[in-house]
Amino acid sequence: MANLVYKRVSTDQQSTARQVLDEAGIEDPVAFEEDPGTSSRLHPLQRPKFGELLAYARPGDTVHISEMFRLVRGTGHILDVLDVLHRDRLALRIHDGAFSAMDLTARHPRTGELLSTVKFMVQTLAAARELQRELTYDGLRAAEATGSKSGRRPAVPADKTGDVRTAYLEGRSIAALARDHGVSRGAIRTAVADLLPDHTAIEADAPALELPVTLDMPGKVADFLRSADLEPAEQATLDQGVTVRRGQGYTLRVTAVPAVHRQLLARCQPLDGGQGVPAVPAQRKARREYENRVSTLVPTGP
């Protein structure tokens, strides 16, 4: 009986390095890795490498994935995949995350139907993901209502680039230009990139380069963030994290610059509850543990 390992990442900037499962005791794994950037929105049964896996598999083989979201996202996808695995008499093992302790291929001994408890857990966890996503959106909308905006700040408009370059040559600092035009310092640097070598002295007020820092993120925080819509840098940080088992749970050892850690912390604010939705004590405690670790990081620049 073969052990078939399925791997997938969402962008070509991400790596499957943290999806290596050899240390989990898998004997003679046969890996099937989707091309980088294969969208999670594409039904698993339509993905090329998962199709190859099913064609290669034989009754009694086991399909291994690091986390459920590598294979599926929505409830419908999960149930479709489980039906195919049952049809082909394949077992499924998930090594981390919310489904890792469940036998999702369990069937009723007489009818052969998927156990109602499995369907219930799949639907409940999928609904919880949707609720978390809604809370994230609500939090972002509330922040925007108070004047805060998420995402990247805009670039310098094409019709303003000449003014920015002229002001820079006249001695205006990058920080001041960023404030004047309502953009980030990085956007100003991009606009004056070819002028920078001759004007390093003007940039004395630029923030120091942040170095990556490794922090342990509680598993409940990591599970929540994986269901949120993240920026590419944030998603890459999660994808490259290293899972460390902690008794019944786990922590995700993530390495990123302090700014990304702070962004991830802001994303999981809904775990504290609010807007009529009560907080789950264990999730709130996990978020505050992560907050305590992030608060030890010293911000650079104003």
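Which strands does α1 lie across, and at what angle does it run to β2? I started there: α1 lies across β1 (3-7), β2 and β3, and runs at about 150° to β2. For the angle, axes are lines fitted to C-alpha atoms, for helices over the stretch in contact, and angles run from 0 to 180 degrees between N-to-C directions. Contact means heavy atoms within 4.5 Å.

**Ground rules**

I am looking at a predicted model, in which local features need pLDDT of at least 70 and side-chain atom pairs count only at pLDDT 80 or more, while totals for chains, interfaces and linings use all residues. Residues are numbered from 1 along each chain as its sequence is written, and side-chain values use heavy atoms, with hydrogens and water left out.

**Whole chain**

I looked up the overall counts next. The protein chain has ten helices and seven strands; these are DSSP runs numbered from the N terminus, helices being H or I with at least four residues and strands E with at least two. Of the 302 residues in the chain, 41% are buried. For the burial classes I use relative accessible area: buried is under 20%, exposed is over 50%, and partly exposed is in between (1.4 Å probe, protein chains only). The chain exposes about 16,300 Å², with carbon and sulfur atoms supplying 53% of that. Those areas come from the Shrake-Rupley method with a 1.4 Å probe, and for residues only the protein chains shown count as cover. I also checked contact range: among contacts in the chain with a separation of 6 or more, 71% are between residues 24 or more positions apart.

I find four of them in an open sheet, ordered β2-β1-β3-β4, with parallel pairing. Its edge strands are β2 (29-33) and β4 (91-94), each pairing on one side only. Two strands pair if DSSP finds at least two bridges between them. On average, neighbouring strands of this sheet are turned by 25° against each other, direction ignored. I zoomed in on β3 (residues 62-65), which runs parallel to β4 and is joined to it by four bridges. Ile 65 has Ile 94 in β4 as its bridge partner.

Asp 28 is not a glycine, yet its phi is positive, about 45°. Asp 28 sits in the loop between β1 and β2 and is exposed, at 68% relative accessible area. Arg 89 is another non-glycine with a positive phi, near 60°. Its loop is the one between α2 (75-87) and β4, and at 60% relative accessibility Arg 89 counts as exposed. My reason for noting them: most residues other than glycine have a negative phi.

**Helix α4**

Which residues of α4 are buried? In this helix (residues 161-169) I get Val 164, Ala 167 and Tyr 168. Down the axis of α4 they fall within an arc of 100°, so they line one face of the helix. That arc is taken over the directions from the helix axis to the C-beta atoms. Their cover includes α5 (174-181) and α6 (185-191). After α4 comes Gly 171, with a positive phi near 110°.

**Salt bridges**

I count seven in the structure, a salt bridge being a side-chain nitrogen of Lys or Arg within 4 Å of a carboxyl oxygen of Asp or Glu.

- Lys 49 and Glu 52 form one, with the closest N and O atoms 3.4 Å apart. They are three residues apart in α1 (residues 48-56), so about one helical turn separates them. Lys 49 is partly exposed at 25% relative accessibility, and Glu 52 is partly exposed at 39%.
- Arg 226 pairs with Asp 223 at 3.7 Å, N to O. This pair is also three residues apart, about one helical turn, in α7 (residues 219-226). Arg 226 counts as buried at 6% relative accessibility, whereas Asp 223 is partly exposed at 29%.
- Asp 180 meets Arg 172 at 2.9 Å, N to O. Asp 180 is partly exposed, with a relative accessible area of 47%, and Arg 172 is partly exposed at 37%.
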